[in-house]
Amino acid sequence: MNNTIGVIGSGAMGSGIAQVAAMAGHPVIIYDNNASALERSRGNLATTLQKLEEKGKIASADALLAQFTFASELSAFATCGLIIEAIVEKLEIKKGVFAEVEKIVSDNCILASNTSSLSITSIAAACRLPSRVLGLHFFNPAPLMALVEVIPAIQTAAHLIPLATELMKKWGKMPVTAKDTPGFIVNRVARPFYGEAIRIYEEGIADIATIDWAMTEVGGFRMGPFTLTDYIGHDVNYVVTETVFQSFFFDPRYKPSFSQKRLLEAGWLGRKTGRGFYDYSAGASSPEPVKDVELAHKIVDRVVAMLINEAVDALHLGVASVADLETAMTRGVNYPKGLLAWCDEWTAAKCLAVLDDLYAVYHEDRYRASALLRKQAMENKNFV
Ligand SMILES: NC(=O)c1ccc[n+]([C@@H]2O[C@H](COP(=O)([O-])OP(=O)(O)OC[C@H]3O[C@@H](n4cnc5c(N)ncnc54)[C@H](O)[C@@H]3O)[C@@H](O)[C@H]2O)c1
């Protein structure tokens with residue numbers, strides 16, 4: 001593989017991925033069709049690298065910056081061995097850019113997309129050589145988050161997966177392989193962390209502060225679901241949920257909520273707009289949680305059972321291996337434990353009982369247990 005890495009899109013993800021590649025020793029070419037975005041990326045990277053030099057993490061910011069070329073024409077990519085696309089999340093636009101870039105690069109240049117939610121197979125289908133296309137899904141911020149989901153499209157040449165996996169390891173990342181299915185691993189398995197928490201709130205079982213307290217203090221998660229979605233931004237988090245829901249042919253497990261949709265409609269996008277589930281304006285008081293441990297356990301059991309069920313079902317459907325599912329959820333979203341290990345700790349029978357009790361009350365398909373979880377409980381087996 002030629003050593004030069006191309007990055008298409010100089011936004012949050014593109015700039016972060018470019019930094020990772022440069023720090024791993026590659027010459028990097030970043031292209032964006034928006035000149036001011038490209039300038040912003042250059043400025044931000046210079047500042048970041050300067051800070052890394054001051055902290056002693058890199059020898060010279062100037063030397064590292066010299067590895068970058070900021071390009072306003074796609075033709076700059078002619079010598080790249082790998083190009084990673086991180087532009088706007090629109091399938092038709094991505095397809096157009098892939099078709100254009102293919103006219104410029106050599107036939108052995110690998111083309112990757114950092115898409116969070118689109119099918120890699122459909123992007124590959126826009127290419128003359130679809131076998132060179134794969135997904136490389138980094139997490140935000142790319143320089144700090146270790147996880148990278150490596151996603152073969154159905155057309156991807158088999159040798160590219162170990163090649164990309166090894167490359168990501170050289171870049172200091174923890175690669176996992178995920179089947180080309182909606183949300184890949186993390187954005188699929190994590191859905192109930194948000195969706196079930198919002199459902200508990202909508203049903204009036206507990207308020208947002210209490211649910212957040214339960215999930216952090218009793219569940220051991222770093223952030224509660226309402227604090228976290230306010231942090232991610234409801235524009236991003238709601239859209240991922242809606243896309244996953246539609247992509248799964250409207251499976252009720254992934255159904256979005258009206259509470260979050262209304263926040264989006266109101267422009268209450270979270271921290272960045274000063275209001276989301278919580279009010280961040282100056283002088284606003286934070287709601288106090290009801291520190292009821294019994295209630296907290298009910299909340300945590302319900303959300304964690306739903307999360308475990310997602311992980312087990314992803315395993316059942318061959319989305320990823322046990323080891324990769326565990327790495328993805330502990331390194332991509334920093335869960336306190338892998339969900340399959342969590343299932344073993346609880347026992348599959350306990351997890352199944354929580355889900356079956358919910359199903360008995362609601363009679364909603366949302367609460368159906370994975371066939372593999374049921375089998376695991378019957379056979380009294382462990383995953384890890
Ligand atoms: N932000 C995240 O948390 C996150 C995490 C993982 C993956 N992703 C994915 O990464 C991609 C980029 O996300 P982002 O958050 O960096 O977006 P962003 O809006 O910060 O950056 C996108 C950049 O792409 C540029 N762009 C748009 N259309 C272009 C085109 N046709 N040609 C060249 N440049 C173009 C824009 O000018 C912009 O600078 C998306 O596919 C997104 O789903 C995002």
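What share of the contacts in the protein with a separation of 6 or more comes from residues 24 or more positions apart? In this predicted model, such residues account for 67% of those contacts.

## Overall build

Let's start with the whole chain. The protein contains 17 helices and eight strands. Its C-alpha atoms fill a box of roughly 60 × 55 × 40 Å along the principal axes. A compact globule with 384 residues would have a radius of gyration near 21 Å, and the 22 Å found for this protein agrees with that. As for burial, 47% of the 384 residues count as buried.

Where the two meet, ten residues of domain 1 are in contact with nine residues of domain 2.

On the domain 1 side of this meeting place, the elements that give two or more residues are β7 (147-152) and β8 (174-177). Strand β8 provides the largest share, with three residues. Sorted by class, the side of domain 1 that touches domain 2 has six nonpolar residues, three polar ones and one charged one.

## Around the ligand

Now to the ligand, which is surrounded by 23 residues. The closest of these are G9, G11, M13, A37 and N140. Two or more residues of the shell come from each of the helices α1 (12-23) and α4 (91-102). Helix α1 gives the most, with three residues.

What is the make-up of this shell by class? Eleven of its residues are nonpolar, ten are polar and two are charged.

## A helix under cover

Helix α10 (residues 225-232) deserves a visit of its own. Seven of its eight residues are buried, so the helix is largely enclosed by the rest of the structure.

Just after α10 comes G233, a residue with a positive phi of about 105 degrees.

Terms used
Residues numbered from 1 in each chain as written. Predicted model: local features only at pLDDT ≥ 70, side-chain atom pairs only at ≥ 80, totals over all residues. Near = placed C-beta within 6 Å. Helix = DSSP H or I, 4+ residues; strand = E, 2+ residues; numbered from the N terminus. Nonpolar A, V, L, I, M, F, W, Y, C, P; charged D, E, K, R; others polar. Buried ≥ 20, exposed ≤ 12 C-beta atoms within 10 Å, placed from the backbone. Contact = placed C-beta atoms within 7 Å. Rg over C-alpha atoms; globule rule 2.2 N^0.38 Å.
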